[in-house]
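Open the structure in your viewer and get ready to select residues by number.

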Amino acid sequence: ERHRWMASNAAFSFGVDDKVVLDYISEPNNLKKIDDFLAGKSKHKHMFIYYQRPDVPNDMEEMVDAKGDPKVMITTGEHD
């Protein structure tokens, strides 16, 4: 299955277990984003998968890395 292949390759690149990425892409919002992309329903020809700490604003409204563990994120790069 293509979803598993994508998760496995992303997990390998990030040095994490496949389950970390599979759990994230299996969430309904993310699954729809990937399904639409794979079905050619997305207006984008690319998708980015990140494994990093989310950005949060600091006291000066500058974006900095959040505290805690990194998280998997998926974006087309348009609004995310």
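Start by selecting His-3, which sits in helix H1. Keep in mind that this is a predicted model. Is His-3 buried or exposed? Its relative accessibility is 16%, so His-3 counts as buried, the cut-off being under 20%.

Now show what surrounds His-3. Beyond its neighbours within four places in sequence, His-3 is in contact with Leu-22, Ile-25, Leu-31, Ile-34, Asp-35 and Leu-38.

Next, select the whole of helix H1, residues 2-14. H1 has 13 residues. From first C-alpha to last it reaches 18 Å, close to the 18 Å expected at 1.5 Å a residue.

Colour the buried residues of H1: His-3, Met-6, Ala-7, Ala-10 and Ala-11. Look down the helix axis. These buried residues fall within an arc of 125°, so they line one face of H1. What do they pack against? Their partners are helix H2 (18-25), helix H3 (28-38) and strand S1 (48-52).

Turn to the other side of H1. Here Arg-4, Trp-5, Phe-12 and Ser-13 are exposed.

Step past the end of the helix. Gly-15 follows H1, and its phi is positive, near 70°.

For the last stop, select Glu-61. You will find Glu-61 in the loop between strand S2 (55-57) and strand S3 (63-65). Most residues other than glycine have a negative phi. Glu-61 is not a glycine, yet its phi is positive, near 65°. Check the surface too: Glu-61 is exposed, with a relative accessible area of 61%.

Methods:
Residues numbered from 1 in each chain as written. Predicted model: local features only at pLDDT ≥ 70, side-chain atom pairs only at ≥ 80, totals over all residues. Heavy atoms only, no water. Helix = DSSP H or I, 4+ residues; strand = E, 2+ residues; numbered from the N terminus. Expected span 1.5 Å × (residues − 1). Buried < 20%, exposed > 50% of the residue type's maximum accessible area, 1.4 Å probe, protein only. Arc of directions from axis to C-beta. Contact = heavy atoms within 4.5 Å.
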